[in-house]
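Colleague: Before I use any of these labels, I would like to hear what each one rests on. Take them one at a time, please.

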Amino acid sequence: MLRKSAIALAISSSFFLSGCLEVEDNNDDIVAAIENNTDAQAELESVTLTGSVKHLLTGESVNNAQVSIKIGNDWSEPVAASNGLFELNELPKNSDFVLLVSSADGSFQERAFYGKTNYGIAQLGSLEVSSAEAVQFEVLLNGENTPVAGLEFSYSISTAFNMYNEFSNRNEHFIRSTYNADTGMYSIAKVAGFTDLLLMDLDVDNDAVDDFSYNNQSDSISQINISELTNGNTLYVSKTAENAKFEVRVSVINELGNTFDNLNFVSLKNLTKGTPATFDADSKEYIFEYNGSSKMKLLLPSFVDSSGNRYDTGEVNLYATNGGVSVTNSSFNNLNRFYELDDGVLSLVIKPRVSSFSSRPRVVSAIADETSQNFYMFMEAPIELVDSAASLIKKRQITVVKGTDDENDFIAQGVTQISFNDVSVPFTSSLKFNDTFVTLSPAAPLVGGHYEYNIEKVSVKSTGEVVNISAASSFRIADQSPFDINQLRWDNNNGLTDGKTIVLKNTANEDVGFKRKSNNGSLYLPASIATLSHFKVNLLGYTANGKVNPALIESTIVSDGNINISEINTVSVAVNETILIDDYSVDFYTSLPDRQWYKLSNNTYQIENLDDNQLSSKNNVTFGYEYAVKGSSEIVTGKITLPVL
């Protein structure tokens, strides 16, 4: 399991108090410049934080509190709160911090407060703390009542100032459980007055798959609040993701108990491949083999018996758990429960429903699969596809039309029109399983972007009637190019690079002259960050016209494979070009190639306002970083300095 770790910053908190430095032309290392500074501390405008510490339950001042602060990697020495009041001086501006309130005598639980310094004196208000007591509880395996070891329970009472949006990513202060193997009991500190959810790490072997699931037996809720946990509580968990091998035997009968023989009955372990059942002519049963830990789906497509009766499509979903089998979300409600295996065999009896639909068959399931790039739809009855009623589109395809592109269009010279439109993509279709299972596939492999499959109408095969249905599914194809940290760019989007105009004339052949745009700098990242499971950058400092400025701002770009920043397109035009657009997700005046990027804007004005980097005037930004590629447990860390483009 990949766990977040702190980036090893090269700047300690003492250097954050160092101020601005003159940088020689041959000095490109912002961190080295800060570390070599010994004289300019007074030049830095400092910040003071003040506040009070009070007890959450009584509202009274806490007299035995001590407060320490961390900026960068280093904690300050604890400062005693006098009559509950404290003051922290000479802190760097525009820097992320963690403030920790603790007790020298353990009379209350320590608590972390996250925030960001601004300017001058900031009053933090009352910081509330409370006492804690140890609570012991046991965890038993459901059905066996045997102790379960190796789990971890935790919660956090940390908080943030002023809706600080990096809090959840930076929070490293959790109250965690311990386990006593002799007593079989877990213990955790319960802080009075807090009602946070108890987090459960049920992945014992750290393979990113939970080995157990928790369910509150009294109310079927899979969560518990720390305030509800009391001494002597018993929590029950069930095993999940078991590797098992057993045989599934299914009898399919009608209302009179007669069996249906030789039906097109299949099992699916994934959407791309179905395995037909083996029919046992002696026992009149359909036989499937379960081998593994994932869910198995049994699909019984709609069929017509010898008397002309039509039966509905049905499905059975099952998985191994607790030494047996759980059947869930079955079309046959009487099957939904837990089953014990009988000598390695699960026996089921299915009675399919006689079709009752008048004209519109039901969509049983419809899903797009990112891996295969296909769309799969399972219908209640046999159907045929209707021409032009199915589609595959690429969402928000950017189109750029410049005044010089075509003399026959309606775009005047000196004007560029940018629009985003949904574009049709060629695809193929197929039917199987008695014409109840539809597969749509792209005619060629899809490139990165957002896509949507949609089927609006089908023809009912038994009647030929065309009916409306609703079956759509959107998905995203991620860029699969290898990620390269050296593809990061910092651009101030001002129409210049190295102080020179990027596009000299507009499409009307008019010179730009001395026009330029205001600096509006941002970090631009390649689309290949979609291949990462984790990516975090820390702004370490920046050089503004030759002066080095320390800073510390943390940003989580990717967490658990999810990208937390917005997409942006770059389209290069002259600063005197007229632009027709109704969308704000385009930057026009960067030095970057025209394509899609991800963009991290910075809310520190000085950094946004940096000029171009030139030989005569150094302007750059330095980041520390850590990232991990999907499927790898290796965490790559380092530091990179980006010139302002």
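Colleague: What makes strand 32 and strand 37 a pair?

Modeller: Two strands pair if DSSP finds at least two bridges between them. Strand 32 (residues 374-379) and strand 37 have four bridges, in the antiparallel sense, so they count as paired by that rule. The strands themselves are DSSP runs of E of at least two residues, numbered from the N terminus. The model is a predicted one, in which local features need pLDDT of at least 70 and side-chain atom pairs count only at pLDDT 80 or more, while totals for chains, interfaces and linings use all residues. Residues are numbered from 1 along each chain as its sequence is written, and side-chain values use heavy atoms, with hydrogens and water left out.

Colleague: Which strand pairs with strand 37 over six bridges?

Modeller: Strand 36, again in the antiparallel sense, with strand 37 covering residues 437-442. Phe-427 faces Pro-442, and Leu-431 faces Val-438. Four residues lie between the two strands of this hairpin, and Phe-433 takes a positive phi near 55 degrees there.

Colleague: Why is the sheet of order 31-32-37-36 called open?

Modeller: Its four strands, paired antiparallel, form an open sheet in that order. Strand 31 (363-369) and strand 36 (427-432) are the edges; each has a single partner strand, so one side of each has no neighbour in the sheet. Neighbouring strands are turned by 15 degrees against each other on average, direction ignored. The angles are taken between N-to-C directions of lines fitted to C-alpha atoms and run from 0 to 180 degrees.

Colleague: How do you know that strand 37 is largely enclosed?

Modeller: Buried means under 20% relative accessible area, exposed over 50% and partly exposed in between, with a 1.4 Å probe and protein chains only. Six of the six residues of strand 37 are buried, so the rest of the structure largely encloses this strand. Both faces are covered by that count: Phe-437, Thr-439 and Ser-441 point one way, Val-438, Leu-440 and Pro-442 the other, and all are buried.

Colleague: Why is Ser-130 called buried?

Modeller: Ser-130 has 1% relative accessibility, so it counts as buried. Ser-130 is in the loop between strand 9 and strand 10 (132-141). A polar atom of the Ser-130 side chain lies 2.8 Å from the backbone oxygen of Ala-192.

Colleague: How many cavities of 30 Å³ or more are found?

Modeller: One, from a search of the whole structure. A cavity is a set of points on a 1 Å grid over the protein atoms alone where a 1.4 Å probe fits but cannot get out. The largest cavity holds about 40 Å³ of space. Its lining has seven nonpolar, four polar and no charged residues, including Ile-502, Val-573 and Phe-588.

Methods
1 Å grid on protein atoms, 1.4 Å probe; cavity = no way out; pocket = protein on both sides within 12 Å on 5 of 7 lines; lining within 4 Å. Points joined across faces, edges and corners; volume = space filled by probe spheres on them. Nonpolar A, V, L, I, M, F, W, Y, C, P; charged D, E, K, R; others polar. Polar contact = N/O pair within 3.5 Å; in protein donor to acceptor, adjacent residues only side chain to side chain.
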